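Hi,

Here is the structure I promised to pass on.

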Protein chains: 2
Amino acid sequence: MKPEDTGEDGGKARVLRADAQRSTDALLQAAKEVFAESGVDAPVREIAKRAGVGIGTVYRNFPKRSDLIAGVFRREVDVFAEAGQALAGSDAPFEALARWSGLYVDFLATKRGLGAALYSGDPAYEALPGYFRARLEPVVRDLLENAAAAGEVRKDVDPYELLRAIGSLSATAETGGAETARRMVGLLLDGLRYGVERG
Amino acid sequence: MKPEDTGEDGGKARVLRADAQRSTDALLQAAKEVFAESGVDAPVREIAKRAGVGIGTVYRNFPKRSDLIAGVFRREVDVFAEAGQALAGSDAPFEALARWSGLYVDFLATKRGLGAALYSGDPAYEALPGYFRARLEPVVRDLLENAAAAGEVRKDVDPYELLRAIGSLSATAETGGAETARRMVGLLLDGLRYGVERG
DNA sequence: GGATAAACGGAACGTTGCTCCGTTTAAATA
DNA sequence: TATTTAAACGGAGCAACGTTCCGTTTATCC
C-alpha cells in the first residue's frame, strides 16, 4: 500500500491521510462506473454522489475534470500500451499494427465520449491527450517502424498523427457503430500500404 | 423577396411578418460572425446580443441550437455540394475526389467546432448531420462511383461512411493544424486505391 | 489527550441552454 | 384612418452544470 498519489511525479512522496486515500479510491471507482454508463461528460455531482463524497473532495483530488478522466483510464491505457509492446514483437508487423488498431477502436468505443474528448481541444480536457500520447505514441512508433522495416508500409507517416487519426475515426463509433469505425481505420491502414515502394 | 422560411418545406408558404424576417436575417448574420470568432459552441446570448434581439426571438426562429448552425451553413454547404458536382464531371475521377476532400477539410477547418459537432451524437446538434448528409452524400457517391468505374478505387466503400470519416479526420485540424488533417485524409483516400483489383 | 494541519462537504457563484408569458407591433379589416 | 388581432417580441426565470470558497470535522503526531 504505497502512497500512490494522483500526479505522475514519483518524487517527493507526500503521504496521504487514510481518509484521503479512501476518497480517491472511491472516486476513481465511482467515476469508472458512471463513465461507463453515461459517458465521460457525466456530471461531477453524480460521481461525487455515487462515491459518497462531497463535491469539494472531488476537486481537491482532481482539480480539473480531465484529471479525473485521466485517473480512471490511466491503468487501462497502461494495459493497452503493454499489449501494444507485445504485438510489436510480432513477425507479421502490419498485421500487428492492424490488430492493435482494432483493439484501440474497441477500447475507445466502450468509453463513451472519450474519443471525442481526447482531441476536442476543449481546455476542460487538457490533461487527457498528453497522457495518452506519452503512453501510446511509442507503441504506434514501434509498430509502424517494424512494419516499415519489413517493407509493408511507407515510412513517411508520423506515429502521433496516425494515433490521432485512429482516435478520431473511432469517435464515430459512438453514433455509427463500431463496424464503421473499424472499416474506416482499415481503410486508413491500407493507405499506409499504398505505394510502399516509393514511400 | 420570397417568404423564405427557415424550414426546408417548400410547401405551405407561411408569410413572415416584416420584423420577423429582419430578426431572422440579423440572427443569421450575427451567428455567422460569432461562429467565425468563437466557434459553434458560442453562447446563444452572445449571438442574440450581437443581432440586437432578445433570446426568446432566437429560440422562436431556431428552436434548437443546431437549427441556427444549420441555418448559417446551409448556403455554404449548398455551394459545396455544387462544387462537388462540378468536379464529378472530371475525367480524372480520383483526383477529383481527392481535390474535393481537400476542400472539405479546409471548409471544416475554418468552421471551428463544426466538425466535432457534426458527428458528436450530442442531441443538441441533432439537425446538423441530416442536412450535411442530404447534401453531401450524393456528391461523395458520384465522386466515388466515377473513380470506381475508372478502376481507380475499390467499390466496397459506403459514401456516407467515407464522408463521416473525412469529417472526423478534419476535426483534428482545429488542434493540430490543417496539414495533419489533409495528410490523414490523403492516407484514407490512398486506402481506397489499395488493392483495387480485388475491390 | 491535546494540538494541528490535512481533508471534508456543500452552500454559493457565474455561465449555460431553454421556457414562459406579459408586452409590443405589423398588418388585415372596416 | 381607427380598430382589431394574432404574430412576434424580449427578457425574467428555471434547471443544470463546472468550479470556488470556507467553516467544520478528523486523522495523525507528540
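**What I found**

A:Arg135 is partly exposed, at 31% relative accessibility (buried is under 20% relative accessible area, exposed over 50%, partly exposed in between, with a 1.4 Å probe and protein chains only). A:Asp78 is buried, at 18%. The two side chains meet in a salt bridge, 2.7 Å from N to O (a side-chain nitrogen of Lys or Arg within 4 Å of a carboxyl oxygen of Asp or Glu). That pair links distant parts of the chain, with A:Arg135 in helix α7 (residues 127-149) of chain A and A:Asp78 in helix α4 of chain A, 57 residues apart. Helices here are DSSP runs of H or I with at least four residues, and strands are runs of E with at least two, numbered from the N terminus.

Before I go on, some housekeeping. This is a predicted model, so local features need pLDDT of at least 70 and side-chain atom pairs count only at pLDDT 80 or more, while totals for chains, interfaces and linings use all residues. Residues are numbered from 1 along each chain as its sequence is written, chains are lettered from A and ligands numbered from 1 in the order in which they are written, and side-chain values use heavy atoms, leaving out hydrogens and water.

A:Glu33, A:Glu37 and A:Arg50 are linked in a network of them. In chain B, B:Glu95 and B:Arg99 meet at 2.4 Å, N to O; being 4 residues apart in helix α5 of chain B, they are separated by about one helical turn.

Now the interface. Chain A and chain B each put 24 residues into the contact (heavy atoms within 4.5 Å). Together they bury about 2200 Å², 63% of it on carbon and sulfur atoms; buried area is the accessible area (1.4 Å probe) that two parts lose on being put together, summed over both. A:Glu161, A:Leu187 and A:Tyr194 supply 27% of the area that chain A buries against chain B, more than any other three residues.

How many salt bridges are there between chain A and chain B? The count is 4. One of them joins A:Arg154 to B:Asp190, with the closest N and O atoms 2.4 Å apart. A:Asp190 also forms one with B:Arg154, again with closest N and O atoms 2.4 Å apart. This second pair crosses from helix α10 of chain A to the loop between α7 (127-149) and α8 (159-171) of chain B, and both A:Asp190 and B:Arg154 are buried.

On to the rings. There are 12 aromatic pairs over all chains (Phe, Tyr and Trp rings, the six-membered one for Trp, with centres within 6.5 Å; planes under 30 degrees apart are stacked, over 60 edge-to-face, the rest tilted). A:Phe35 and A:Phe73 are stacked, 6.2 Å centre to centre with 25° between the planes. They sit 38 residues apart, in helix α1 (residues 18-38) and helix α4 (residues 65-87) of chain A respectively. A:Phe35 is buried at 4%, and A:Phe73 is buried at 4%. A:Phe80, A:Trp100, A:Tyr104 and A:Phe107 are linked by ring pairs into a cluster.

Finally, A:Arg133 lies over the face of A:Tyr160, 3.7 Å from the ring centre (NZ of Lys or CZ of Arg within 6 Å of the ring centre and within 35 degrees of the ring normal). In chain B, B:Arg74 lies over the face of B:Tyr131, at 4.6 Å.

Cheers
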